[in-house]
Amino acid sequence: MPVNHIKSLRSITIPKEVIRHVSSRTFATGGKAKKGSKGGAAADAPKASILSKEVKSTTVVGAIILKDGTDPIVLPDSEYPDWLWHLLDKRLALSELRRKDVETLPYEDLKRFVKLDNRARIKENNSLKAKN
């Protein structure tokens, strides 16, 4: 009996527009209006902040890691370790490190060069083994 129902479903014709609409992948918008929908600029305008400027400048809003905790207070720059300010500094790529003299590289750059060079050699050896 189920086979008969499947055969009857196969004979139904579905317009291409319906298939395109059903088969297209979309993501949830979280209740926000789509671009170009009714509502215009009011829906696209940034929302006013609930927090005052004073609170924003003295605390790290949203960095709470405990349920009962409070937002951490921003400390003066002198209270943070020196290495923190160098985290976003650009580091040299392997090609640039290879162009420089290894004898004159600072310790950190030399350590990075050895790590990147080893990684490149391992990748090359693995690709050669995969081809054979």
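## A charged patch to start from

Lys and Arg count as positive here and Asp and Glu as negative, while His and the chain ends are not counted. A surface patch is built from residues with over 30% relative accessible area and no salt bridge, with like charges joined within 9 Å and nonpolar side chains (Val, Leu, Ile, Met, Phe, Trp, Tyr) within 5 Å. The place of a charge is taken as NZ of Lys, CZ of Arg, CG of Asp or CD of Glu. With that in hand, you can look for a positive surface patch formed by Arg91, Lys115, Arg119 and Lys123.

One of these residues, Lys123, is found in helix α6, which covers residues 107-131. Lys123 is exposed, with a relative accessible area of 58%; exposed means over 50%, buried means under 20%, and partly exposed lies in between (1.4 Å probe, protein chains only).

## About the model

This is a predicted model, in which local features need pLDDT of at least 70 and side-chain atom pairs count only at pLDDT 80 or more, while totals for chains, interfaces and linings use all residues. Residues are numbered from 1 along each chain as its sequence is written, and side-chain values use heavy atoms, with hydrogens and water left out.

## The overall layout

The chain has 6 helices and 0 strands, so its elements run α-α-α-α-α-α from the N terminus on, where helices (H or I, at least four residues) and strands (E, at least two) are DSSP runs numbered from the N terminus. Of the 132 residues in the chain, buried residues make up 6%.

Ile73 is exposed, with 59% relative accessible area. The C-alpha atom of Ile73 is separated by 6.2 Å from that of Val60, and the two residues are 13 apart along the chain.

Leu88 also has its place in the loop between α4 and α5, and this residue is exposed at 82% relative accessible area. Together with Trp83, Leu84, Trp85 and Leu87, Leu88 makes a nonpolar surface patch of about 620 Å². Accessible areas come from the Shrake-Rupley method with a 1.4 Å probe, and for residues only the protein chains shown count as cover.

## An aromatic pair

Rings of Phe, Tyr and Trp (its six-membered ring) pair if their centres lie within 6.5 Å; planes under 30 degrees apart count as stacked, over 60 as edge-to-face and the rest as tilted. By this rule the count is 1 aromatic pair. Tyr80 and Trp85 form it edge-to-face, at 6.0 Å centre to centre and 90° between the planes. Tyr80 is partly exposed at 26% relative accessibility, and Trp85 is partly exposed at 44%.

## Salt bridges

The structure holds 3 salt bridges, each a side-chain nitrogen of Lys or Arg within 4 Å of a carboxyl oxygen of Asp or Glu. In one of them, Asp117 meets Arg98 at 2.9 Å, N to O. Because Asp117 lies in helix α6 and Arg98 in helix α5, this pair ties together parts that are 19 residues apart in sequence.

Asp117 also meets Arg121, at 3.6 Å, N to O. Both lie in helix α6, 4 residues apart, about one turn of the helix. Through shared partners, salt bridges join Arg98, Asp117 and Arg121 into one network. Another salt bridge joins Lys111 and Glu108 (4.0 Å, N to O); these two are separated by about one helical turn, because they are 3 residues apart in helix α6.
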